[in-house]
Amino acid sequence: MTLPSALAWGLIAAALGPVVTILAFVPALDAKALRLGGFLTSTIMAVISLGAGLYALLQPGSIPATTFGTHIPWQFHLDPLSGFFLLLLGVVGSTASLHAIGYFRATQSGELRRVLIPYPIFFSAMILVVLAAGVYTFMVAWELMALSSTFLILSASRAMAARRAAYLYLLIAHLGALCLLGAFILLARGNPLSGGSFAVMAAAQQSLSPWATQAILGLSLLGFGAKLGMVPLHIWLPEAHPAAPSPVSALMSAAMLPMAIYGLLRLDWQILSAPGIGWGVIWLAFGLLTAGFGVLFSTLQSDLKRLLAYSSMENMGLVLVALGLGRIFVAEGWLSLAGLALCAGLFQLLNHALFKSLLFLGSGSVLHSTGSVDMNRLGGLIRSMPQTTLLMLIATLAIAGLPPLNGFASEWLLLQAFLLAPQAASGSLQIVLPLAAAGVVFVLALSSFAMVKGFGLSFLGRPRSNFHAHEASLWERTAMGCLALGCVVLGILPGMVTNGLMAVGRLLLRSDALTLQSPWALTPISAQRASYLPGTFLVGITLAVILTFLLVWWRFGRPLRRVPAWACGFAGSATSRMQDSPAGFSQPWLRIFAPIHSGRLQTREIPEKRAPEWFVHFQDPFWHGLYLPIQKTALLLSKQSLRLQQGKITIYLLYAFITLIVLLAVIQ
Amino acid sequence: MILVGLLAWVVLGIPVLALWGDGKRGRRLFILIQVGVFLLAVALAERYLDLGTLTAFGAELRVDVLSLILILLNSVVGLMTAWFSASYWHTEVQRHDFGVARQRLYHAMFQSFLATMLLALLSNNLGILWVALEGATLSTVLLVSLQRSGESLEAAWKYFILCGVGLAMALFGTVLLYFAAQPVLGSGAQALLWSSLHQQAWRLNGTAMAIAFVFILVGYGTKMGLAPLNNWLPDAHAAGPSTVSAALSGLLLNVALYAVLRFKSLADAALGGDFAAHLLMGFGLLSLLLASLSMLRQHDVKRLFAYSSAEHMGLTTFAFGLGGPVATFAGILHLVGHSLAKSSVFFSVGRATQEARSRELADLRGFLNRRPVLGWSILLSVLAILGMPPGSLFLSEFLILTVSLEKAWITTPLLLLGLGMAFAAIFRALLPLLYGEGGGPCSALPLRGLTPVFLQLSLVLLMGIAIPYPLDPWMQAVAGVLS
Amino acid sequence: MTIAVLVPILKFLAAWILLLSFALLAQRRLLSLTHLLAWQGGTLALSTALVAVLTGDGLLWVSAGLTLLLKALLIPAILHRLLRRLQVRGDVEMTLNATSTQLLGIVVVVFAFALASPLAGSLPVATHGMLGIALASFLIAFLMMITRRKAVSQVVGFLAMDNAVFFAATSATLGMPLIVELGVALDALIGLVIFGVFFFHIRENFESLDLHWLERLREDQ
Amino acid sequence: MNAADLTVQCLQVLLAMAVAPLFAAWLQMLRALLQNRRPAGLSQAYRDLARLFRKESLVPEDSSWLFRFTPYVLFGTKIMATALVPILALDLPLAHAADVIALVGLLAVARIFQVLAALDSGTAFAYMGARREMMVSALAEPALLTTFFIASLLAGSTSLSEIARHAQYGALSLHPSMVFGATAFFLVLLIENARIPVDNPATHLELTMIHEAMLLEYSGRHLALLEWGAQLKLVLYISVGIAVFFPWGMADRPSPLALVLAVGIFAAKLLLAAPILALVETLLAKKRLFRVPEFAASAFLFGVIGLLTHFILGA
């Protein structure tokens with residue numbers, strides 16, 4: 001196997017997508033055949049891309065753009081950066097597709113087609129985004145990705161809300177794409193069809209005028225930020241992700257959002273090595289803003305999938321923070337630190353791919369089994385679907401950043417990157433770094449709150465409504481099991497990941513910044529500075545727990561007695577309504593952050609319940625502060641322009657007359 | 001001589017359809033004639049490949065690469081329109097129980113419309129070009145007013161008066177051109193032949209050419225749907241049968257633009273500077289912005305897409321205004337892509353309006369659920385017209401933006417703005433059209449007629465992925481013709 | 001005859017055409033509008049004939065005859081007949097009162113002359129200023145179409161515009177190629193026929209030829 | 001690592017476990033004295049634990065394995081934590097397994113399991129406690145981390161024993177940032193260990209209780225483990241504070257003599273720490289619950305200010 005053949009495999013995987021789509025049009029196939037055929041093929045696609053990505057990641061060096069087509073060049077390449085994202089794509093895609101086989105088991109063929117027609121296209125588009133080596137190729141793949149995902153959002157429900165979400169999503173995505181187009185055009189300068197591959201651009205960037213560079217950086221941040229869910233372009237994200245079927249939500253949240261990170265790295269870092277800490281600080285600031293905003297809103301949600309969607313925002317924000325930090329370090333010339341930050345960011349991305357897709361898939365199984373992901377209805381699933389709950393617990397602990405799971409490892413790296421910043425930081429950084437560090441820490445703490453809320457209220461305690469939940473199907477559990485295993489393994493072997501990322505670091509930092517280390521440990525600089533051995537950690541805890549258990553059992557072991565919960569004397573009479581509602585659970589934050597979300601507690605009548613139930617109604621400040629005004633202005637302008645079309649033919653003639661006269665006068 | 005044959009065939013079609021153009025027979029004949037046109041056009045292309053530029057009647061008729069591309073385009077779209085018309089017109093006839101005379105009128109006028117446009121493309125004589133365009137206008141007026149309802153009459157009247165005045169201006173411009181050419185080429189037919197003018201263009205009187213070009217631009221611009229002269233466009237598109245709307249957007253606007261381009265190449269040579277280029281860019285940008293603004297609040301589906309035609313023509317005009325090999329290539333590519341996609345849009349939307357018996361977006365809902373095939377045809381054609389990859393419109397818009405940034409970077413944000421607004425407007429209308437609940441009663445009509453949509457869209461797709469062989473060098477060569 | 005005699009006459013006719021355009025602009029009664037139109041057509045034919053004499057171009061005689069037949073006789077006759085058949089009576093109310101319209105007309109004329117003056121240099125001596133006059137009457141006709149509120153009067157304006165172009169074609173440029181003129185004439189004729197058909201349809205739809213019936217297709221905000 | 005280190009390691013853990021109840025009792029005693037009540041003997045804490053261990057433990061009928069599993073996890077994590085902190089000697093075998101950040105993470109594991117168990121019991125009070133605990137700790141944890149940041153920035157390392165060594169052997173200079181750090185740490189200590197003014201471990205008043213509310217459903221050996229864990233946690237925090245702020249007298253090389261010395265010094269430090277706590281708890285009044293977040297926030301604020309001062313003053 002060579003690198004070109006890896007690329008070829010990636011393209012083959014991408015080419016499988018349309019095949020499945022066409023297959024989905026065949027009317028003869030029934031639901032079962034469609035489901036198995038479609039999603040198994042998607043799984044195969046994903047596994048292929050996973051393999052190719054892994055190979056490219058571990059294989060040093062990259063291959064130049066290979067071009068197909070005569071006049072319209074379709075250019076592809078493969079290097080460690082693409083490899084990493086291909087790998088990520090493969091991980092999420094394979095598990096999501098496996099899960100989908102179980103998830104859609106009760107779906108009629110008509111509904112299934114709605115998913116199976118865009119789904120493979122979506123996946124192929126993402127593969128192509130990563131493999132694209134030319135402007136046109138990239139933009140085509142990028143737009144296809146947005147388009148197909150839009151119709152995936154609409155595949156679950158075609159209700160007003162879903163349509164609005166899809167509209168908002170594609171509109172913002174398209175505006176972002178237009179910004180990207182601007183950026184790429186600035187970068188390509190000249191006919192992009194004359195084979196302006198990324199490599200060529202990278203070589204030609206010295207001739208860019210400074211303002212052009214700034215414009216490119218700004219436009220691309222806008223463009224990719226729109227896909228990233230970066231504040232204030234995030235408005236679509238919490239609407240779109242919950243609307244989609246859960247495997248798709250997983251794919252969108254864990255694989256599509258990272259595509260934006262890929263774009264930023266590719267365009268603003270690898271192609272365009274812009275000096276100066278300015279943009280690093282901007283990335284840092286936007287990242288922090290996004291993370292804070294996302295985590296704040298995710299604590300307030302009462303819908304599990306919305307909670308997860310907002311938490312994706314938070315994670316992407318953290319990644320952006322890490323990358324911004326990396327840029328700053330590069331600008332300051334501390335390459336090893338830059339490598340550390342970069343590593344932290346990408347590691348975080350990988351982890352997010354693992355646990356966030358696991359969480360979305362789990363929520364999907366919950367939805368399939370109980371018919372709702374509203375935490376006001378859920379509760380006590382740990383008894384009806386124990387295995388799913390266990391897997392979800394692992395994901396929750398991982399995303400809450402608890403050692404020795406993977407989430408903690410990347411957060412640890414990020415914090416180390418902050419702490420190891422030398423004292424010699426220039427003036428502005430002396431303020432920025434500590435504040436940013438504090439902000440990150442706060443975000444992490446808050447996110448663990450959100451996650452505990454999400455898991456605890458839906459899986460623990462007593463059911464808040466009467467439903468008959470059943471354990472997820474074997475397909476689903478297998479998919480989630482793989483992801484959970486991944487969470488644990490990456491947690492135990494963080495060094496393995498950082499070693500794997502060395503090639504990417506070499507590509508982006510143009511030097512061997514990262515030092516090879518044992519797979520079991522994380523020792524960024526030296527064991528003296530900081531070290532973390534999750535393996536020992538895990539063994540230690542397990543030993544301690546088991547020893548305690550055995551000792552206690554051997555010494556005082558007596559059978560337990562199950563009794564009604566005492567509940568300070570309510571014993572027995574306590575109902576499930578005495579548990580906190582989601583709104584109640586996050587009530588302190590609701591109070592503290594009221595100025596931001598201007599949220600209020602409101603009641604809503606529930607048919608099956610006697611008393612009305614409370615829920616939080618809050619509004620996104622950006623929606624009211626930014627989007628509505630823009631919409632108003634546009635409609636107003638449109639009204640004015642329609643005034644021109646006011647029916648009187650004489651007036652129309654007058655337009656022509658005036659135009660003529662004016663032009664004649666001009667040439668006079 | 002194949003040019004003559006082609007011309008004769010189409011012209012002959014008119015009386016044939018006028019006599020036997022009713023009922024099934026008429027529809028069949030119509031398709032048959034278009035098939036003939038298509039085959040002849042292909043033969044023409046064959047000949048062109050061998051011999052290069054073709055002429056006839058002592059250079060009164062002339063086919064160079066620009067006109068060849070448009071002739072091919074017209075023949076394809078004409079054929080597809082005829083195909084779609086077969087089922088569409090059948091329904092119309094049943095709906096409004098049109099008599100035999102009306103059916104013949106429809107087919108004959110449609111044929112004469114196609115014929116005059118072909119004449120416009122074939123003729124090398126700018127005077128004949130004008131005559132042909134006037135003829136096209138007259139025949140389309142009758143087509144627009146076909147239903148004889150108040151609305152259609154009003155639309156036709158406005159169309160007639162506005163385009164009539166526009167054409168009068170264009171004629172004046174042509175006269176001025178002749179006036180400027182006389183001293184150089186002497187009086188007589190020579191002084192109106194584009195080919196000979198083009199060789200001597202640099203000797204023409206600058207002032208006269210400037211005035212002439214202004215008249216031409218305003219005149220043909222009216223027909224092309226440039227703002228602020230395009231007030232007839234939404235009315236005519238909305239009032240006429242959808243086949244006519246498709247032909248108007250897909251063919252007539254192109255031919256008008258073609259005329260302007262012919263004059264522009266002369267004006268450029270005569271005036272030296274990029275006076276004409278700037279005019280085109282200005283008008284293009286204005287139309288793009290105004291049209292996309294007007295779309296935002298549109299509730300009539302056919303008006304919506306009529307405005308979108310204005311928007312695309314604006315973009316194309318802008319592209320040709322930019323000039324240069326890349327922009328011109330993009331312009332011609334966009335022209336072709338837009339004709340194919342927009343006619344498909346009008347086919348599918350027209351069928352939808354027939355089924356729902358309404359043009360209001362509020363009544364047209366949820367076609368993807370109710371009528372999957374129709375829904376898909378709407379979806380795909382609208383995506384194509386929105387410039388979604390890998391359709392060819394994406395490529396052309398991409399190129400236009402690129403060049404605009406190079407040559408006039410100040411316009412790029414405006415272009416992006418316009419495109420963004422147009423996208424917002426159309427996509428906003430699209431979603432309920434496909435997925436919306438409710439909507440009025442909907443009579444299921446046979447969907448055979450929708451095959452052309454998919455054929456045309458596959459062409460658009462093909463051109464977005466890899467432009468087929470002879471077309472690619474031809475489109476490249478257009479820049480050479482216009483320079 | 002010699003140029004010395006003919007050119008002044010030609011000039012006179014040109015002035016006469018411009019005058020007639022003004023008259024059209026001022027005239028309120030429909031019937032007299034058609035008469036004026038006929039007069040203008042006649043003058044046009046005459047000037048064309050003169051140019052034919054000047055240049056000795058045989059084809060111009062044909063176009064002169066054509067003009068006489070079409071613009072002086074046929075078209076006005078058709079219009080006249082239409083008006084009688086449709087019983088269109090009385091005045092045309094204007095969107096702008098007569099005097100200000102006239103003033104506008106004068107401004108337009110000045111503008112046209114200013115525009116055409118630089119071209120005079122390249123004109124054959126016979127046709128100095130003809131282009132300006134043609135342009136002026138073209139714009140005046142345009143103005144007329146803008147200011148009238150009846151369909152018929154708009155058609156008249158349209159035909160006057162046509163005359164202006166024709167005048168430019170024959171007198172200013174000493175005759176376009178015949179084939180073109182034939183085409184133009186043909187189109188004008190067909191156009192008029194269609195107008196006629198239209199009038200009846202409009203009548204049976206709106207019981208009037210007043211334009212305000214034709215102002216319902218608008219973007220209602 | 002050699003056998004000697006291992007023995008020290010185990011010794012340290014066992015010592016901490018043994019001392020924890022004693023320290024709690026000592027603290028209670030001091031508080032009683034300060035509030036002129038008759039104190040129970042120092043052995044009281046041990047007797048409580050022993051009785052709890054012997055009692056039968058009940059489990060709410062609709063709780064799951066998570067509920068029963070949690071006490072062991074909590075106790076296990078706390079033992080692990082004591083193993084990580086240099087109490088008697090620096091450079092213990094496990095010192096490199098985790099640094100301060102990991103330590104905070106470890107404590108977070110304990111807390112989150114406790115909260116989850118509370119949610120699992122499905123009673124109103126448990127939810128109340130869980131909610132409050134999560135809210136307060138969401139502010140306290142960042143505060144703790146920031147204080148550690150200050151220390152580790154000074155020491156140029158995040159490993160606890162390095163920090164301790166730096167403070168022990170580095171030039172003895174009073175860093176302004178450390179003052180802020182110490183304050184923040186003390187506040188966090190009060191918060192995390194449910195002491196007055198944040199919480200009152202002595203009462204079960206549902207309006208105020210945070211930590212205790214989560215233990216309501218536990219009984220018997222589970223409760224014993226939890227109580228013991230809480231005592232262990234207090235000792236742990238204090239010894240962390242010692243390691244970071246006053247590490248003097250810690251054994252550098254595990255020689256028996258040094259160890260004995262270290263044990264003595266450690267005991268002395270504990271003896272001294274208790275009165276301070278007792279005094280604070282007696283003098284301050286329990287805050288209203290709504291004030292608690294502000295209290296925690298101020299801790300966080302101190303930490304951030306400390307960071308800033310460090311970065312700006314470089315000290």
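Modeller: UniProt positions are given here in the numbering used for this structure, and the annotations may be inferred rather than shown by experiment. Please also keep in mind that this is a predicted model.

Colleague: Where in chain D does UniProt place the feature "transmembrane region"?

Modeller: The feature comes from an unreviewed UniProt entry, and its annotations may be inferred. In chain D, the record places it at residues 6–27, 65–88, 94–113, 134–155, 167–191, 234–251, 257–280 and 292–313.

Colleague: How far apart are the end C-alpha atoms of residues 257–280 of chain D?

Modeller: Residues 257–280 of chain D are among the spans that UniProt lists as "transmembrane region", and in the model this span is 100% helix and 0% strand. Another of the listed spans, residues 134–155, is likewise 100% helix and 0% strand, with its end C-alpha atoms 31 Å apart. For residues 257–280, the end C-alpha atoms are separated by 35 Å.

Colleague: What share of the 315 residues of chain D count as buried?

Modeller: The C-alpha atoms of chain D fill a box of roughly 55 × 45 × 45 Å along the principal axes. Among its contacts between residues at least 6 apart in sequence, 81% join residues at least 24 apart. Of the 315 residues in the chain, the share that counts as buried is 62%.

Colleague: Which chains share the most contacts among the four pairs of chains in contact?

Modeller: Two pairs that involve chain D can be set aside, since no contact joins chains B and D, whose closest C-alpha atoms lie 42 Å apart, and chains C and D do not touch either, their nearest C-alpha atoms being 52 Å apart. Of the four pairs that are in contact, the one with the most contacts is formed by chains A and D.

Colleague: Which element gives the largest share of the side of chain D that touches chain A?

Modeller: At this interface, 70 residues of chain D are in contact with 62 residues of chain A. The elements of chain D that give two or more residues to its side include helix H2 (44–54), strand E1 (58–60) and helix H5 (124–155). By class, that side has 41 nonpolar, 16 polar and 13 charged residues. The largest share, 14 residues, comes from H5(D).

Colleague: Which residue of E1(D) is the bridge partner of A:Arg561?

Modeller: Strand E3 (residues 561–563) of chain A pairs with E1(D) in the parallel sense, over three bridges. Within that pairing, the bridge partner of A:Arg561 is D:Leu58.

Colleague: Which residues of E2(A) are buried on one side, and which on the other?

Modeller: Strand E2 (residues 74–78) of chain A has five of its five residues buried, so it is largely enclosed by the rest of the structure. In a regular strand the side chains alternate between the two faces of the sheet. Both faces of E2(A) are covered, with A:Trp74, A:Phe76 and A:Leu78 on one side and, on the other, A:Gln75 and A:His77.

Colleague: Which residue in the hairpin of E1(A) and E2(A) takes a positive phi?

Modeller: Strand E1 (residues 63–68) of chain A runs antiparallel to E2(A), and four bridges join the two; A:Ile63, for instance, has A:Leu78 as its bridge partner. The hairpin has five residues between the strands, and the positive phi, near 85°, belongs to A:Gly69.

Colleague: Is A:Gly324 buried or exposed?

Modeller: A:Gly324 lies in helix H13 (residues 304–332) of chain A, and, beyond its neighbours within four places in sequence, A:Gly324 is in contact with A:Gly280, A:Val281, A:Trp283, A:Leu284 and A:Gly287. The cut-off is 20 or more other C-beta atoms within 10 Å. Because A:Gly324 has 25 C-beta neighbours inside 10 Å, this residue counts as buried.

Definitions and conventions
Residues are numbered from 1 along each chain as its sequence is written. Chains are lettered from A and ligands numbered from 1 in the order in which they are written. This is a predicted model: local features need pLDDT of at least 70, side-chain atom pairs count only at pLDDT 80 or more; totals for chains, interfaces and linings use all residues. A residue is buried if 20 or more other C-beta atoms lie within 10 Å of its own, exposed if 12 or fewer, and partly exposed in between; C-beta atoms are placed from the backbone. Two strands pair if DSSP finds at least two bridges between them. Two residues are in contact if their C-beta atoms, placed from the backbone, lie within 7 Å. Ala, Val, Leu, Ile, Met, Phe, Trp, Tyr, Cys and Pro count as nonpolar, Asp, Glu, Lys and Arg as charged, and the others, Gly among them, as polar.
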